[in-house]
Amino acid sequence: MMGLFSQAGSYIKRARGLSVDDRAPEDTEPDDTSILDENEGSIILSLISQLRVGMDLSKVTFPTFVLEPRSMLERITDFMSHPDLIFGAEMCDDPEERFNRILQYYLAGWHIKPKGVKKPYNPVLGEFFRCRYDYQNGTQGFYVAEQVSHHPPISAFFYISPANRVCIVGELRPKSKFLGNSVSTTMEGENRIMLMGVPDDGEYVVTMPNMYARGILFGKMVLELGDTCVVKNEKNRLFCDLEFKTKGFFSGTYNAIAGRVRRGNSDIGEVSGRWSHIMEFKNIKNGTKRVLFDAAKDGQSIAPKYVPDIEQQEPYESRCLWKDLTQAIEEKNMERATEAKSAVEDAQRELRRKREESGEKFTPRYFERRDGRWEPKLKIPRDDSSEAIDAVQTWIWPPTAG
């Protein structure tokens with residue numbers, strides 16, 4: 001079968017100018033790769049035969065066997081999985097140390113991923129996901145995300161832990177393109193992190209690397225992170241240009257990162273390692289090294305999140321909305337999964353048609369656009385009082401919502 005798959009891939013390569021650099025990298029790890037069976041390969045080839053290099057994939061429906069059984073709105077919570085790395089950062093007197101704690105938080109979120117090459121569900125307009133965290137120190141955290149736009153797709157999200165003085169607001173605007181033997185997803189948008197105990201720091205702004213699913217025509221499929229993202233705190237003039245390196249066909253290391261931390265115009269540190277393994281920070285001033293995150297050692301200590309049972313959720317809450325698709329994927333019933341996915345998407349198209357006919361404009365439930373950014377419809381509490389915690393919970397879970 002793979003011979004047939006490769007021949008078909010070779011044909012498309014000749015027709016569309018596929019370069020050797022677009023091949024899936026060698027020596028990848030088993031959990032990061034997928035090999036398609038004959039039926040899956042036929043479906044992918046049928047789909048790709050309709051595409052052209054550089055084509056926008058926002059309106060292309062991908063087969064269900066490439067789906068991770070959760071929504072993108074829930075996938076974002078992976079970056080809230082290791083709160084101990086950021087809690088207490090406000091107690092650090094040195095702004096450079098506070099910046100490093102933000103780096104740790106950001107880098108620790110990438111090791112969490114499904115086996116193989118999978119993508120989360122594309123959220124539909126008005127879909128939302130919400131959860132609560134109960135931490136071992138007796139404190140809590142709260143998260144809500146909502147799909148605030150469909151064309152272009154925009155996911156807005158908000159996290160806060162009043163007792164731990166951390167708040168995160170952000171948005172993601174993914175754009176996917178077909179590149180030949182790979183699909184790229186440009187992750188536009190940013191995370192804006194506030195350490196509420198040090199308001200003079202202002203925002204720590206973090207952007208995302210791009211994602212590449214390689215080997216979709218021949219060889220083994222593999223997911224890579226690539227290109228440069230930025231972590232910055234303008235108030236303290238601290239910046240890190242962080243490169244996620246894609247592995248070359250003949251050389252290089254898989255999942256490698258490299259970056260330089262600057263204060264003003266002066267380099268103060270270097271970041272290196274692999275985001276799936278160990279990442280280190282080297283202090284240029286004195287040559288000392290410290291581990292930012294060790295995925296093998298600390299990757300299992302993920303903060304659990306509490307999500308109400310599906311029976312208690314509203315129709316447009318992610319797990320309730322996609323419950324039939326998720327169940328079908330877990331049962332490996334791809335025919336039923338396709339039907340379930342189509343049912344949600346068809347209902348969304350019908351709703352969009354009715355809105356257009358009536359002139360009704362969609363209004364997000366939790367977020368609004370202010371000064372060009374999506375912000376929560378909540379006056380963010382700046383203290384850790386019980387009243388502040390109650391205000392957040394009531395806003396995310398209104399009493400009338402059950």
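Cys320 is buried, with a relative accessible area of 12%, where buried means under 20% relative accessible area, exposed over 50% and partly exposed in between (1.4 Å probe, protein chains only). Cys131 is likewise buried, at a relative accessible area of 0%, and a search of the whole structure finds zero disulfides, a disulfide being a pair of cysteine sulfur atoms within 2.5 Å. The structure is a predicted model, in which local features need pLDDT of at least 70 and side-chain atom pairs count only at pLDDT 80 or more, while totals for chains, interfaces and linings use all residues. Residues are numbered from 1 along each chain as its sequence is written, and side-chain values use heavy atoms, with hydrogens and water left out.

Salt bridges were examined next. With a salt bridge taken as a side-chain nitrogen of Lys or Arg within 4 Å of a carboxyl oxygen of Asp or Glu, the count comes to 30 salt bridges. One of them pairs Glu96 with Arg263, whose closest N and O atoms are 3.5 Å apart. Glu96 lies in helix H4 (residues 95–107) and Arg263 in strand S13 (residues 256–263), so this pair ties together parts that are 167 residues apart in sequence; helices (H or I, at least four residues) and strands (E, at least two) are DSSP runs, numbered from the N terminus. Glu96 is buried at a relative accessible area of 15%, whereas Arg263 is partly exposed at 29%. In another salt bridge, the side chains of Arg132 and Asp134 meet at 2.8 Å, N to O; Arg132 is buried, with a relative accessible area of 19%, and Asp134 counts as partly exposed at 39% relative accessibility.

A salt bridge also forms between Glu375 and Arg192, with the closest N and O atoms 3.5 Å apart. Because Glu375 lies in strand S19 and Arg192 in strand S8 (residues 182–195), the pair ties together parts that are 183 residues apart in sequence. Both partners count as buried, Glu375 at 12% relative accessibility and Arg192 at 1%. Through shared partners, salt bridges join Glu190, Arg192, Glu203, Arg373 and Glu375 into one network. Glu203, a member of this network, is 31 residues from Glu234 in sequence and 7.8 Å from Glu234 in space, C-alpha to C-alpha. Glu234 itself is placed in the loop between strand S11 (221–233) and strand S12 (238–245), and counts as exposed at 55% relative accessibility.

The backbone was then considered. Most residues other than glycine have a negative phi, and most peptide bonds are trans. Arg165, however, has a positive phi near 60°; this residue lies in the loop between S6 and strand S7 (166–178) and is buried, with a relative accessible area of 16%. Asp371, which is not a glycine either, has a positive phi of about 55°, and it lies in the loop between strand S18 (367–370) and S19, where it is exposed, with a relative accessible area of 83%. A cis peptide bond, with omega about 0°, joins His151 and Pro152, and Pro152 is placed in the loop between strand S5 (140–149) and strand S6 (154–161).

Asp383 is found in the loop between strand S19 (373–376) and helix H9 (386–396), and counts as partly exposed at 35% relative accessibility.
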